[in-house]
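Welcome, and thanks for taking a look at this one with me. Please open the sequence and the 3D view side by side before reading on.

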Amino acid sequence: MATTPLSSKTHGAGGHDDHSSHISSSGLLFVILVLLMVLMLVTIWASYIDLPSIGPIPGIVVNNLVALAIATFKATLVIWFFMGVRFASSLAKIWVAAGFLVLFLMFGIMGDYGTRKFEPVQGWEVGTPVDGGETALPRTWPPEGRTPGSPAIEQNLRPR
Amino acid sequence: MAAIAHDHAHDDHGALHHQFENIEQQNDSYIVGMWTFLVTEVMFFGALFFIYTLYRSMYQMDWYLAHEELDVTLGGVNTVILLISSWTVAMAVRFAQLKNRKMVILNLVVTLGCAFMFLVIKAFEYAAKFEHHLLPGPTFGSVPSHLNGANSNYAQLFYGLYFGMTGLHAVHILVGILVISALTYLWIRKADSVMKDYIPTELVGLYWHFVDLVWIFLFPLMYLMPKPH
């Protein structure tokens, strides 16, 4: 793909020349700044509201998803306009996308942590260091923060 | 790639190095190279964001209570400061392309000012947390009123990540100050390396936008946890 030449002839025109489209207009950059500020206010506002649950998705998760969606949108604006990826070569675009795709994929590891309680592991049962059970957890047991009656407590499993 | 005439090459960009076909390919290589570094930074911070996600999902209520101690106003002001600095850097790159030296320097100096302001505000925030014994360590949580009823161990996990992630971010700000200062110095000295080639300004700009990018996620995750309901 041919890229726009960065030639001196286009510079003299103060960025209004057709061939200098890779120079962002100051108006656009300012609009993006204002948009980012507005989105920041929206994310603050949204964090103080208990959003309702949507179907099986609890309200707290909706709140978190909204916050992350706004942050991702803000990040996209910064990457696309401020970082000028829209003017970058296809190679650079793919590279940038791949970098963030891998970040996203990494969160698949949550599937491991989320399912460990389904599978008791010999020797990793609940116990205190004193009575022989090893633990990487804080030395208080059971931790006050855990809900009594949760499946893990009833099955005598410790969170990992 | 389009074939470009190079007869005027020396007055609008850096020298074309022999391994490149043309100036576009050379510039693309710089950009892709910088992004390669930034992608490793994404992985670097990404691991911390993963740890954050894991523990927050496990100790949602304790983390919510612990996070209430953070100052949303200061965090918000710092967000505004970083967004403005990101904009001034974008403007500096634009003026570097337009060869408007004075405006480049002005924008870079404003960026530096923003970076310093960010660190000063962060220092005040940290100082308050130290005073309240919220720095992970032997005396963590010795003033229980500042835990807001959160389990001390889980609150300590939260503050470990708070200091770890915002601290690492602050280190990036410091490095940014150094790099932007060096760039500003080169512009003030009218160095050919920046005057004839916008790429150095562009690459420093990419770095600074990345620092802003990390904060865009840190701010809502650390300061704006919704109440579990």
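Here are some numbered points to guide a first look.

1. A word on the source: this is a predicted model. Please keep that in mind for each point below.

2. Let us begin with chain B as a whole. Its secondary structure consists of seven helices and zero strands, and reading along the sequence gives the pattern α-α-α-α-α-α-α. The C-alpha trace of chain B spans about 70 × 30 × 30 Å along its principal axes. Chain B has 229 residues, and 57% of them count as buried.

3. Next, have a look at the largest pocket, whose volume is about 1,200 Å³. Its lining has 35 residues, and those closest to the centre are Leu68(A), Phe107(A), Thr53(B), Phe217(B) and Leu221(B). In chain A, α3 (59-82) and α4 (90-106) each supply at least two lining residues, as do α1 (23-58) and α7 (199-223) in chain B. The largest share, 10 residues, comes from α3(A). Sorted by class, the lining of this pocket has 27 nonpolar, seven polar and one charged residues.

4. Now turn to the surface of chain A. Phe30(A), Val34(A), Val38(A), Val42(A) and Trp45(A) form a nonpolar patch there, and together they have about 460 Å² of accessible area. Val34(A) belongs to helix α2 (residues 26-47) of chain A. Its relative accessible area is 38%, so Val34(A) is partly exposed.

5. Two salt bridges turn up over all chains in a search of the whole structure. In one of them, Lys122(B) pairs with Glu125(B), with the closest N and O atoms 3.2 Å apart. Both residues sit in helix α4 (residues 101-131) of chain B, three residues apart, which is about one turn of the helix.

6. Finally, please find Met61(B) in helix α2 (residues 60-67) of chain B. With 40% relative accessibility, Met61(B) counts as partly exposed. How far apart are the C-alpha atoms of Met61(B) and Gly149(B)? They are separated by 9.9 Å, although the two residues are 88 residues apart along the chain.

How values were computed
Residues are numbered from 1 along each chain as its sequence is written. Chains are lettered from A and ligands numbered from 1 in the order in which they are written. This is a predicted model: local features need pLDDT of at least 70, side-chain atom pairs count only at pLDDT 80 or more; totals for chains, interfaces and linings use all residues. Side-chain values use heavy atoms; hydrogens and water are left out. On a 1 Å grid over the protein atoms alone, a cavity is a set of points where a 1.4 Å probe fits but cannot get out, and a pocket is an open set with protein on both sides within 12 Å along at least five of seven lines; lining residues have an atom within 4 Å of a point. Grid points are joined across faces, edges and corners, and a volume is the space filled by probe spheres set on the points. Helices (H or I, at least four residues) and strands (E, at least two) are DSSP runs, numbered from the N terminus. Ala, Val, Leu, Ile, Met, Phe, Trp, Tyr, Cys and Pro count as nonpolar, Asp, Glu, Lys and Arg as charged, and the others, Gly among them, as polar. Patches are made of residues with over 30% relative accessible area and no salt bridge: like charges are joined within 9 Å, nonpolar side chains (Val, Leu, Ile, Met, Phe, Trp, Tyr) within 5 Å. Accessible areas come from the Shrake-Rupley method with a 1.4 Å probe; for residues, only the protein chains shown count as cover. A salt bridge is a side-chain nitrogen of Lys or Arg within 4 Å of a carboxyl oxygen of Asp or Glu. Buried means under 20% relative accessible area, exposed over 50%, partly exposed in between (1.4 Å probe, protein chains only).
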